[in-house]
Amino acid sequence: MVPWNNFFGRDCLDDVLFAIGKVNGSVHLHPLGICMSGPPNRLINIAHQVLVVVGLLSPLAQAQNPTIRPLIELIQQENLADAVQVARRLEEDSAIEADLTLPLAALARALQRAGEIEQSAEFYQRAVTASEASAATPLPAKTLVVLRLVAGTTIAQSKRFRNAIATVTPVFESDGEVTDKQREMAVNVCLQVGGRALAMGNAAIAGEAYAVALHHANESAKSTALLGDAWVTVLKRDQPL
């Protein structure tokens, strides 16, 4: 059995500082628009260090829940195929009132480490949804901010663009609970979505992403969002009605 903490890497101070926004991604222009060239995978890896530190993914939080324990054990054993099936059954059982936020986030992380980006994005999305359910244990707002940043980044990688935008948008509404750097990270997710949507010729989604970015960006990111929005206008002009 793999120790639980091995899923999340080493506990490193500079990693934690990165997760709260001390290191920024960069942005560059390519022929189809704006793309993130920052380190989305590193963001995912590092932000999970913070989730562990604040207790979101601690197995102790669910150790006494017999409903959740089998899922946690499967994740620890790296039996991800069975873990996915068990997690889906738990979600589909309306009689279960347990909070699934923690195990779903842990499963998403394990899938991401295994290179299963599509399934990882699915379970990050499920973890965010579970955190909003009536059965959810109230989590600190700062913890939910980090969860949404990690989830939004992974969901964007899976090309679920509208879901990615919707996942990070509440970060901007967490007044007093989100740092300026975390806000920048959420903006960068929108810029990443905008660039990828432009590259795929999807002006509608790119426009949505850049609109959110423009509304919340600082001065340095605003110029990037404006440039991306200009590319959206060009793309719409060139597309047939």
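Q: How do the axes of helix α10 and helix α11 cross, and within what distance do they come?
A: In this predicted model, where local features need pLDDT of at least 70, side-chain atom pairs count only at pLDDT 80 or more, and totals for chains, interfaces and linings use all residues, the axes of α10 (residues 203–216) and α11 (residues 219–238) come within 9 Å and cross at roughly 155°. That makes α10 roughly antiparallel to α11, the term for angles over 145 degrees. Axes here are lines fitted to C-alpha atoms, for helices over the stretch in contact, with angles running from 0 to 180 degrees between N-to-C directions.

Q: And which residues make that contact?
A: On the α10 side they are Ala 203, Ala 206, Gly 207, Tyr 210, Ala 213 and Leu 214, while α11 brings Lys 222, Ala 225, Leu 226, Gly 228, Asp 229, Val 232, Leu 235 and Lys 236, contact meaning heavy atoms within 4.5 Å. They divide into 9 nonpolar, 2 polar and 3 charged; Ala, Val, Leu, Ile, Met, Phe, Trp, Tyr, Cys and Pro count as nonpolar, Asp, Glu, Lys and Arg as charged, and the others, Gly among them, as polar.

Q: What about α3 and α4, at what angle do their axes cross?
A: The axes of α3 (residues 69–76) and α4 (residues 80–92) cross at roughly 160° and come within 9 Å, which makes α3 roughly antiparallel to α4. In α3, Leu 71, Leu 74 and Ile 75 meet Asp 82, Ala 83, Val 86, Ala 87 and Leu 90 of α4, and the residues of this contact divide into 7 nonpolar, no polar and 1 charged.

Q: What is found in the loop between α3 and α4?
A: Glu 78 is found there, and its phi is near 60°, a positive value in a residue other than glycine.

Q: Where is Lys 159, and is it buried or exposed?
A: Lys 159 sits in the loop between α7 (141–157) and α8 (161–168), and it also has a positive phi, of about 70°, although it is not a glycine. Lys 159 is exposed, with a relative accessible area of 52%; exposed means over 50%, buried under 20% and partly exposed in between, using a 1.4 Å probe and protein chains only.

Q: Switching to α9, how many of its residues are buried?
A: Helix α9 (residues 180–199) is mostly covered, with 15 of its 20 residues buried. From its first C-alpha to its last it reaches 29 Å, close to the 28 Å expected at 1.5 Å a residue, where the expected span is 1.5 Å times one less than the number of residues. Gly 201, with a positive phi near 80°, follows α9.

Q: Which residues does Gln 125 touch?
A: Gln 125, which lies in helix α6 (residues 117–131), touches Ile 155, Asn 163 and Thr 167, not counting residues up to four places away in sequence. Gln 125 and Asn 163 are 38 residues apart in sequence and 8.1 Å apart in space, C-alpha to C-alpha.

Q: How many helices and strands are there overall?
A: The protein chain has 11 helices and 2 strands, these being DSSP runs (helices H or I, at least four residues; strands E, at least two) numbered from the N terminus. Of its 241 residues, 48% count as buried. Residues are numbered from 1 along each chain as its sequence is written, and side-chain values use heavy atoms, with hydrogens and water left out.

Notes:
Angles under 35 degrees count as roughly parallel, over 145 as roughly antiparallel, 65 to 115 as roughly perpendicular and the rest as oblique.
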